[in-house]
Amino acid sequence: MSSAEQNLQRLLTGTWISQMLYAAAKLGVADHLAGEPMSAEDLAAAVGVQAEPLYRLLRALASEGVFEEDDHHRFSLTPMADLLRSDVATSKQAMAIMLGEEHHAAWGQIIYSLQTGKPAFDHVYGKPVFGYLAEHPEAARNFDAAMTAVHGSETAQMLAAYDFSDCKTLADIGGGNGSLITMVLQRYPKLKGILYDLDHVVARAKPRLEAASVADRCQVIAGSFFESVPSGADTYLMRHIIHDWDEPRCIQILKHCRAALPAGGKVLLIEAVIPPGNKPSFGKLIDINMLVMPGGKERTAAEYKSLYAAAGLKLSRIVPTAGAMSLIEGVAA
Ligand SMILES: C[S@@+](CC[C@H](N)C(=O)[O-])C[C@H]1O[C@@H](n2cnc3c(N)ncnc32)[C@H](O)[C@@H]1O
């Protein structure tokens, strides 16, 4: 087989591997292996499936470096499998579950998105993704955790790249489960915060703020950024919000931020700015996920400049981080 054939075959079967990871994550296999190595029989009894197919699943995943089988056919965790545990800080369990369920079903209809330019998710589920989540609490809870699994490591990279010392009140618009604002408030002890998201989302976020002892410095406000954003902040941060939406919706959100912005205030978008050329870029992959799922897109620097301009803002600078994301800073035009 030529290397082109081998490489393409590897890409083509990628979905088999991600669905196997989904199954292992959903069943909580890694949590059971946190102690001693276990046989497929014992694991199967613990997670409620049949031993023989579970053995084959774990053998296949072990061939990819996820789990390890010993000479007695017992399985243990590898560093990758450890990340499928529910109780580790950098857990990817929720991400594996999210990608294996609604995402997988929507991606199956990707041709619909290419034919219409509309989200395949809406075609499959009959409604937009955030409306669906509002009606499906378990999927919504998992989505919040998955956002931290996918984007959690970006917070430290953002804090290393951008100095928030001049900021007095930071509003995290569409801040999800509050993991980002919690880390920023912990880093800057005098900073005040506002966490803003849909009502069912902020209701789940409150316990996290309390557990992290930042609740007394963080107002939690429920609402829709299509109607307004809270006043009272000098910096309006939105991580992976603008990429969810089409141009008219983005301009609507940004205009609400512009209206709330005090003199000298800033808007900060955290997104993957699409680079030119053919180099590998995580942003170019998320871009297709945005097409299929919420109907948004990842954008180039020029596209961010024009979005800001349409909302009465001026792109002041783009600050790269050590990862795939950049901070796109805007000020009043
Ligand atoms: C892609 S997630 C990003 C979450 C978080 N900013 C992060 O980086 O992990 C998009 C967020 O937008 C929120 N959202 C969607 N529609 C909204 C609306 N109309 N008003 C406020 N928040 C909304 C969702 O609940 C979700 O938390």
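Student: Does α7 pass α11 in a left-handed or a right-handed crossing, given that we are looking at a predicted model?

Tutor: To place the two partners, helix α7 covers residues 93-107 and helix α11 covers residues 137-161. The way in which α7 passes α11 is left-handed.

Student: Which word describes how α7 lies relative to α11?

Tutor: The axes of α7 and α11 come within 7 Å and cross at roughly 125°. An angle between 115 and 145 degrees is neither roughly perpendicular nor roughly antiparallel, and therefore α7 is, relative to α11, oblique.

Student: How many nonpolar residues are there in the contact of α7 with α11?

Tutor: On the α7 side the contact is made by Ala-94, Met-95, Ile-97, Met-98 and Glu-102, while α11 brings several residues, among them Phe-143 and Val-150. Sorted by class, the residues of this contact include one polar and one charged, and the nonpolar ones number ten.

Student: α7 also packs against helix α2, so which word describes how these two helices lie to each other?

Tutor: Helix α2 spans residues 14-27, and its axis lies 8 Å from that of α7, with a packing angle of about 120°. The crossing of α2 and α7 is left-handed. From the angle it follows that α2 and α7 are, to each other, oblique.

Student: How many polar residues does the contact of α2 with α7 have?

Tutor: Residues of α2 such as Ser-18, Gln-19 and Tyr-22 take part, and they meet residues of α7 that include Gln-93, Gly-100 and His-104. By class, the residues of this contact divide into six nonpolar and one charged, with the polar ones numbering five.

Student: How many nonpolar residues does the contact of α2 with α5 have?

Tutor: Helix α5 covers residues 51-62, and its axis and that of α2 come within 10 Å, crossing at roughly 120°. In this contact Met-20, Ala-23 and Ala-24 of α2 meet Leu-57, Ala-60 and Leu-61 of α5. There are no polar and no charged residues among them, and the nonpolar ones number six.

Student: How far apart do the C-alpha centres of domain 1 and domain 2 lie?

Tutor: The domain assignment gives domain 1 as 3-88 and domain 2 as 150-275 + 292-332. Between the C-alpha centres of these two domains the distance is 36 Å.

Student: How many charged residues are in the shell around the ligand?

Tutor: There are 17 residues around the ligand, and Met-147, Gly-174, Gly-176, Ser-224 and Arg-239 come nearest. By class, the shell has eight nonpolar and six polar residues, and the charged ones number three.

Definitions and conventions: Residues are numbered from 1 along each chain as its sequence is written. This is a predicted model: local features need pLDDT of at least 70, side-chain atom pairs count only at pLDDT 80 or more; totals for chains, interfaces and linings use all residues. Domain bounds come from an automatic or database domain assignment. A residue is near a molecule or strand if its C-beta atom, placed from the backbone, lies within 6 Å of it. Ala, Val, Leu, Ile, Met, Phe, Trp, Tyr, Cys and Pro count as nonpolar, Asp, Glu, Lys and Arg as charged, and the others, Gly among them, as polar. Axes are lines fitted to C-alpha atoms, for helices over the stretch in contact, and angles run from 0 to 180 degrees between N-to-C directions. Helices (H or I, at least four residues) and strands (E, at least two) are DSSP runs, numbered from the N terminus. Angles under 35 degrees count as roughly parallel, over 145 as roughly antiparallel, 65 to 115 as roughly perpendicular and the rest as oblique. A crossing is left-handed if the near helix is turned anticlockwise from the far one by less than a right angle, and right-handed if clockwise. Two residues are in contact if their C-beta atoms, placed from the backbone, lie within 7 Å.
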